[in-house]
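Dear colleague,

I am passing the structure on to you below, together with my notes on it. Please read the notes with the structure open beside them.

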Amino acid sequence: MGGIVGKPESTTSAWMPETKLEAKMVEAMQRRAAEGTALKSFNSIILKFPKIDDSLRNCKAIFEKFDEDSNGTIDHEELKKCFHKLEIKFTEEEINDLFEACDINKDMGMKFNEFIVLLCLVYLLKDDPTALRAKSRMGMPKLEATFETLVDAFVFLDKNKDGYVSRSEMTQAVTESGEGSTGRIAIKRFEEMDWDKNGMVNFKEFLFAFTRWCGVGENEDEEEGEEKN
């Protein structure tokens, strides 16, 4: 996700988005970062895990509503119908970009945890009046506090407000929390976030890591495995 210009994490470096969607994510996150964050430590993020977990699991009903063939995934056509019903206006290119970005397993279908990432990206990217009405129709007002917490958490980690989290920024965030074995914790957490192993984490990668940290999707995978057996 993105390409580096200059030396990594130097004062002259600039991380360049590789896709239009990533550029929009970075721009939106930079606007949000300008507002600041209420979070004071990495521990304060961890303490919110249980509440975030419960809230995200409530998205299951939304997921099942748009999974028209009930196969456990939302395909490209179902996603287009979803946006059409909600009257969220995305161009064909934007829909394709969102689907490709959230279908991280590249199996042509979004599973529940991937759908949660999609919802949070829509929350971040769409803040116009039409989108706000759509959020109401899909039950997102109840989820807005959770999504805002996720955005807030990323802003807290993104110390230089460039729209990405670097390894050094993650280390700084964990160290400030005063945890023991801070170096190992920071490296482990960062590696869990850095999906494409390029040394920088964007908001989408952060969201996927967060769903894993909260255990979202794990029970669903276990249930699917039991059904097959």
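I begin with helix H5 (residues 76-86), whose buried residues are His76, Glu78, Leu79, Cys82, Phe83 and Leu86; here buried means under 20% relative accessible area, exposed means over 50%, and partly exposed lies in between, with a 1.4 Å probe and protein chains only. Helices are DSSP runs of H or I of at least four residues, numbered from the N terminus. Viewed down the axis of H5, these buried residues fall within an arc of 160°, so they line one face of the helix, the arc being that of the directions from the helix axis to the C-beta atoms.

Before going further, please keep in mind that this is a predicted model, in which local features need pLDDT of at least 70 and side-chain atom pairs count only at pLDDT 80 or more, while totals for chains, interfaces and linings use all residues. Residues are numbered from 1 along each chain as its sequence is written, and side-chain values use heavy atoms, with hydrogens and water left out.

Just after H5, Glu87 takes a positive phi of about 60°.

The structure holds 13 salt bridges, a salt bridge being a side-chain nitrogen of Lys or Arg within 4 Å of a carboxyl oxygen of Asp or Glu. One of them joins Lys24 to Glu94, with the closest N and O atoms 2.5 Å apart. Because Lys24 lies in helix H1 (residues 20-33) and Glu94 in helix H6 (residues 92-102), this pair ties together parts that are 70 residues apart in sequence. Lys24 itself is partly exposed, at a relative accessible area of 35%.

Another salt bridge, at 3.1 Å from N to O, brings together the side chains of Arg32 and Asp152, and it links distant parts of the chain, with Arg32 in helix H1 and Asp152 in helix H9, 120 residues apart. Arg32 is buried, with a relative accessible area of 13%, and Asp152 also counts as buried, at 10%. Both residues belong to a network of salt bridges that links Arg32, Glu35, Glu148 and Asp152.

Glu92 is partly exposed at 41% relative accessibility, and Lys80 is partly exposed at 26%.

Note on methods
Helices (H or I, at least four residues) and strands (E, at least two) are DSSP runs, numbered from the N terminus.
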